[in-house]
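Colleague: I would like to go through this model term by term. For each label, please give the value behind it and the cut-off it is set against.

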Amino acid sequence: MAEPIAAGTWVEIHNVVLSPDARAPQIPADTRQVPLEMRVKGFLVSPASVGGQADVVTAAGRHLRGTLSQVNPAYTHGFGAPIPELSTIGAEVRARLRDKGHAT
Amino acid sequence: MNVESYSAIMNQRAEIMRSSVGLDYGKYTTGTVAFDYEGLLADAGYDVETAREVQRRTAVGDTPLVELHNITALVRTVAKPGNGARIFVKDEAANPSGSFKDRRASLSVHEAKRRGYPGVAAATSGNYGAAVASQAAKAGLHCIVVQEAFDSSGIAQPEIAEKTRACEAYGAEVIRLSVGPELFYVFLSVLKETGYFNASLYSPYSVLGIETLGYELALQVREQTQRLPDAVIATHAGGGNVTGTARGLRKAGAANTTMIAASVDLSGLHMASDHDFNRKSFTTGHTGFSMPFTTWPDRADVPRNAARPLRYIDRFVTVTQGEVFYITEVLAALEGMERGPAGNTSLAAAFAIAQDLDQEQIVVVQETEYTGAGKHPLAQLNLARRMGIEVVRGDPTDNEPGKRIVIPVEPSQIRVVDVDLANVRRSYLRHVFESLPADAQLTDVDFAFLAEETRTDRTFVREVVNELGTTNR
């Protein structure tokens, strides 16, 4: 197991809330094949290792226990590359207004 | 967290909801299905002026009404001569957390604080979570937001990832879940464990908080144009936006304004499907919410939904994913306003609808929302491509949710598809009927209520109920 992470570190824990066989009856077949998973962040209460059990205190002050999944988890969402199908729309509509006699 | 089983928690559903919203819904029951809707809203104690006063304390509301001169000009390049209504937008992105959802959150959080709850919780993957977190931060209350955030491969929907970040920035605990309606079970468990206030999107507070939007916009249109709006278009999902806005318009004297609900057409995608989750490209304002909530509002996380869209909508239209992305680009390029894509659903509809109206008429798009990382056409279309969805320029009628996103080639290709409201009304009545025990009797009070619910008359209701009775029982 990896090096223990120090108490007080901001981490994410992971839990399976419902295994596939415990899922609600009304859900579609593809969803029923997978568990309902939960990820929550908090400050580590005591040293723990990635992949091991960990106790955290959340931003709301709740004590939760789960598998330590990430240390100081990053926000990785962004914009990505420009989409060529969108890139020319601005120029197209400005040209259209100019052609029809509207100054913009 | 206490681990009670799914069925154990669901069996306590009514009790948990009652104590977490602090309203006795039972006392408004007037018939087998009928309840005193206006009484429920009135007893919440927030008329428009009171709501505005509460909202002003946290800088919510009083957002600018902006005339979109260049988009109106673009409409007139494709409309018949003499047609092309003036388009205005209510720039709700100017609210503290960047969307009109601050209006909904403000009264709920104010009420939670007033009643002495230790915190607030909300089940939402959208702007509403950030709004509740922002209001809770201001009020000094704890906040927990429960999101449906990622699929079974661990891929997060980027717009929801941005909401996670925003909620955490405001100091909220965010519980991120994989796909499935059992989110409600987790939410109920949290409410039970914490004793927090349920800042439901569907409580009277949430809907009354939006009345100020409709009210303000009517006054602003009158001040800027010396007339009332001819049509107001709201992006439609759970029904609160349409309901609150229409009520506010009426309270400002704009009773003749046509209230139009607009949703992105996501037909063919299943809302509880793990496979479809990251193939929607929209997290709200789509038919996956608006159809079920319009035809059966009481599927909500409170016993009686205060958002009852069928009572208010005059027209219900859909637009395609590609049309909304196109108009989002146009808004940035021609008006210098970069705003989130979902709120632009009603702008896409406005672009089409304005072409059928005279040039002196006024169409108002009643919201914008902030845009940013994840919450942007680029993020959505990059994810779409990663999920194997084709993204092309072409005729928007070839758009197919989950398979192909078609960005229009020309502005003239943007059009709306009308949803047949008579079918929606029948579907609503079918849900009511199916929810009843076999021996239930409907009385005159119930027929009058159902006529109000569907904006029809007792004869229509009786006709439909009789049809259903002979086919189903």
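Colleague: Into which domains is chain B divided?

Modeller: The model is a predicted one. In chain B, domain 1 takes 6-45 + 99-204, domain 2 takes 54-96 + 205-418, and domain 3 takes 428-472.

Colleague: How far apart do domain 2 of chain B and domain 3 of chain B lie, and how many residues make the contact of these domains?

Modeller: Their C-alpha centres are 31 Å apart. Domain 2 of chain B puts five residues into the contact and domain 3 of chain B puts in six. On the domain 2 side, the classes are two nonpolar, one polar and two charged residues.

Colleague: What makes a residue of chain A count as in contact with chain B, and how many residues of each chain do so?

Modeller: The C-beta atoms, placed from the backbone, have to lie within 7 Å. By that criterion 40 residues of chain A are in contact with 53 residues of chain B. The chain A side divides into 22 nonpolar, nine polar and nine charged residues.

Colleague: Which element of chain A gives the most to that side?

Modeller: Helix H3 of chain A does, with six residues. Other elements giving two or more residues include strand E1 (10-18) and strand E2 (36-44) of chain A.

Colleague: Why are H3(A) and H5(B) called roughly perpendicular?

Modeller: Helix H3 (residues 89-99) of chain A packs on helix H5 (residues 69-78) of chain B at about 70°, with the axes 10 Å apart. Angles of 65 to 115 degrees count as roughly perpendicular, so H3(A) and H5(B) get that label. Their crossing is left-handed. H3(A) makes the contact with A:Val93, A:Arg96 and A:Leu97, and H5(B) with B:Asn70, B:Ala73, B:Leu74 and B:Thr77. By class, this contact has four nonpolar, two polar and one charged residues.

Colleague: What makes E1 and E13 of chain B edge strands?

Modeller: The open sheet of chain B has seven strands in the order E1-E2-E10-E7-E8-E9-E13, with mixed pairing. Strand E1 (65-67) and strand E13 (417-418) each have a single partner strand, so one side of each lacks a neighbour in the sheet.

Colleague: In which sense do E7(B) and E10(B) run?

Modeller: Strand E7 (residues 231-235) and strand E10 (residues 362-365) of chain B run parallel and are joined by three bridges. B:Val232 of this chain stands opposite B:Val364 in E10(B). Helix H11 (residues 240-251) of chain B lies across E7 and strand E8 (258-264), at about 155° to E7(B).

Conventions: Residues numbered from 1 in each chain as written. Chains lettered and ligands numbered in written order. Predicted model: local features only at pLDDT ≥ 70, side-chain atom pairs only at ≥ 80, totals over all residues. Domains from an automatic or database assignment. Contact = placed C-beta atoms within 7 Å. Nonpolar A, V, L, I, M, F, W, Y, C, P; charged D, E, K, R; others polar. Axes fitted to C-alpha atoms, helices over the stretch in contact; angles between N-to-C directions. Helix = DSSP H or I, 4+ residues; strand = E, 2+ residues; numbered from the N terminus. Parallel < 35°, antiparallel > 145°, perpendicular 65-115°, else oblique. Left-handed = near helix turned anticlockwise from the far one by under 90°. Pairing = 2+ DSSP bridges.
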